[in-house]
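I'd like to talk about charged pairs today, so let me put the structure up.

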Amino acid sequence: AILGETGQVIMIPEQENRGIVRFTTPLLGADEWPFICDQKVAPGDRVIVKDISGNTLIVEKRRPD
């Protein structure tokens with residue numbers, strides 16, 4: 001249900017800290033989730049959920065339409 005959803009980065013990952021992504025509709029009861037991403041992201045970027053690891057989403061940067 002959560003894979004493929006798109007959210008907006010509100011806090012970027014830094015060193016050991018996870019980033020935070022916000023969704024317009026709560027996913028599994030929460031509208032904000034910690035995430036990790038292999039690509040560099042900035043606040044406001046759109047990301048797509050590719051996987052879940054424990055309580056953390058694994059996302060990739062969404063390509064512009």
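This is a predicted model: local features need pLDDT of at least 70, side-chain atom pairs count only at pLDDT 80 or more; totals for chains, interfaces and linings use all residues.

Let's start with Glu60, which counts as partly exposed at 28% relative accessibility; by that I mean between the buried cut-off, under 20% relative accessible area, and the exposed one, over 50%, with a 1.4 Å probe and protein chains only. Residues are numbered from 1 along each chain as its sequence is written, and side-chain values use heavy atoms, leaving out hydrogens and water.

So, which side chain does Glu60 meet in a salt bridge? That's Lys50, at 3.9 Å from N to O, where a salt bridge is a side-chain nitrogen of Lys or Arg within 4 Å of a carboxyl oxygen of Asp or Glu. Lys50 sits in strand E4 and Glu60 in strand E5, 10 residues apart; strands here are DSSP runs of at least two residues, numbered from the N terminus. Lys50 is partly exposed too, at 43%.

How many salt bridges does the structure hold? Three. Another one pairs Lys61 with Asp45, with the closest N and O atoms 3.5 Å apart. Lys61 is in strand E5, residues 56-61, while Asp45 is in the loop between E3 and E4, 16 residues away. Lys61 is partly exposed at 33%, but Asp45 is buried at 18%.

Then there's Arg22 with Glu32, at 2.4 Å between the closest N and O atoms. That one links strand E2 to strand E3. Arg22 comes out at 39%, partly exposed, and Glu32 at 35%, also partly exposed.

How values were computed. Helices (H or I, at least four residues) and strands (E, at least two) are DSSP runs, numbered from the N terminus.
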